[in-house]
Amino acid sequence: MKQKQLEIILKYNPCNDNFHTWIRTIDDIKSFEEALNDGDYSCYDEYAPDFTRQDALKAIAEGCIVVYSSHPISRGIFVTPSKIEALSYSSNGRIYSKLVKLTDVAWIDVTQSQ
């Protein structure tokens, strides 16, 4: 699964530098559960004002999640489960959303994915 996700990211939205948060290798990819249980996030109950641990556990139970982006959602694009986070990247206040399977997303952490 992670190898296929990496291939999509490298084909459709590769990183051209070494300083932005991005998926560059398979080691950068986490499952949603891995991201949720990461030491940087495991002690929090709120990841963004509009995305909480309760929301994350609901997504795991349902196997899907609504993600948002400041760009039309397509293969390899950055997405987040936080509408507020997506709005912070939008230059015109417009965001896009899509219901996706948790396994269709390569997670960097609980609030960032491609």
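1. The largest nonpolar core has 17 residues, and those that touch the most other members are Phe32, Phe51, Ile65 and Trp107. Such a core is a set of buried Ala, Val, Leu, Ile, Met, Phe, Trp, Tyr and Cys residues joined through side-chain atoms within 4.5 Å. Buried means under 20% relative accessible area, exposed over 50%, and partly exposed in between (1.4 Å probe, protein chains only). At least two residues of this core come from each of H2, S1, helix H3 (53-62) and strand S3 (64-69). Helices (H or I, at least four residues) and strands (E, at least two) are DSSP runs, numbered from the N terminus.

2. This is a predicted model, in which local features need pLDDT of at least 70 and side-chain atom pairs count only at pLDDT 80 or more, while totals for chains, interfaces and linings use all residues. Residues are numbered from 1 along each chain as its sequence is written, and side-chain values use heavy atoms, with hydrogens and water left out.

3. Phe32 is buried, at 1% relative accessible area. Leaving aside neighbours within four places in sequence, its contacts (heavy atoms within 4.5 Å) include Ala56, Leu102 and Val110.

4. There are three aromatic pairs in the structure. Rings of Phe, Tyr and Trp (its six-membered ring) pair if their centres lie within 6.5 Å; planes under 30 degrees apart count as stacked, over 60 as edge-to-face and the rest as tilted. The ring centres of Phe32 and Trp107 are 4.8 Å apart with planes at 65°, so this pair is edge-to-face.
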